[in-house]
Amino acid sequence: QVQLVESGGGLVQAGDSLRLSCAASGRTFSLHAMAWFRQAPGKEREFVAAVSPWTGRDTEYVDSVKGRFTIFRDNSKNTVYLEMNSLRPEDTAVYSCAAHLGPELRGEYEYWGQGTQVSVSS
């Protein structure tokens, strides 16, 4: 029911910033919790950040990005963003957007985008 398309990835230097976007199709975007995951080469997929449905008042982050990344949503545009600051080489990964119908930020996400590559050089 929901299709997701990520954009905004690229190659940057350590310390730089990027803003990832995830555009969603469908009329129920605001009912979904939204999240970002990432997967680096040779590693398991990792939860990065999530934002609650409706107003997006609640957020959650993995410890390694707290204070550096911000997730937020714009329901009028059916889009969720991940603002990434002070990027580090270890942030290098394919970043994927995901949606879950419900309020649980760490629920089982049902819909996934194709991913966008973020590469951070030293």
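# Notebook: an all-strand chain

I began with burial: of the 122 residues of the protein chain, 47% count as buried (under 20% relative accessible area; exposed is over 50% and partly exposed in between, with a 1.4 Å probe and protein chains only). The model is predicted, so I kept local features to pLDDT of at least 70 and side-chain atom pairs to pLDDT 80 or more, while totals for chains, interfaces and linings use all residues. Residues are numbered from 1 along each chain as its sequence is written, and side-chain values use heavy atoms, with hydrogens and water left out.

**Entry 1, overall fold.** I counted 0 helices and 11 strands in the protein chain. Helices (H or I, at least four residues) and strands (E, at least two) are DSSP runs, numbered from the N terminus. I then looked up the radius of gyration, which is 13 Å, close to the 14 Å from the globule rule for 122 residues, so the chain is as compact as a globular protein of that length. That radius is taken over C-alpha atoms, and the rule is 2.2 Å times the number of residues to the power 0.38. The C-alpha trace spans about 40 × 25 × 25 Å along its principal axes.

Of the contacts with a separation of 6 or more, 57% are between residues 24 or more positions apart (contact means heavy atoms within 4.5 Å). The accessible surface is about 6500 Å², and 46% of this belongs to carbon and sulfur atoms. The areas come from the Shrake-Rupley method with a 1.4 Å probe; for residues, only the protein chains shown count as cover.

Which residues touch the most other members of the largest nonpolar core? I found Met34, Trp36, Val80, Leu82, Met84 and Tyr95, in a core of 28 residues. Such a core is a set of buried Ala, Val, Leu, Ile, Met, Phe, Trp, Tyr and Cys residues joined through side-chain atoms within 4.5 Å. At least two residues of this core come from each of strands E3 (18–24), E4 (32–39), E5 (46–51), E7, E8, E9 and E11 (116–121). I also noted a second, separate core of 8 residues, with Ala35, Phe47, Ala98 and Leu105 among them. Beyond four places in sequence, the contacts of tyrosine 95 include Glu6, Trp36, Phe69, Leu82, Met84 and Val118.

Asparagine 78, which is not a glycine, has a positive phi near 50°. Asparagine 78 sits in the loop between E7 (69–74) and E8 (79–84) and is buried at 19% relative accessible area. Serine 86 also came up, with a positive phi of about 50°. Serine 86 lies in the loop between E8 and E9 (93–101). Is serine 86 buried or partly exposed? At 42% relative accessible area, serine 86 is partly exposed.

Serine 7 is in strand E1 (residues 4–7) and is partly exposed at 39% relative accessibility. What does serine 7 touch, not counting residues up to four places away in sequence? I listed Arg19, Leu20, Ser21 and Thr116. Glycine 56 lies in the loop between E5 and E6 (59–61) and counts as buried at 16% relative accessibility.
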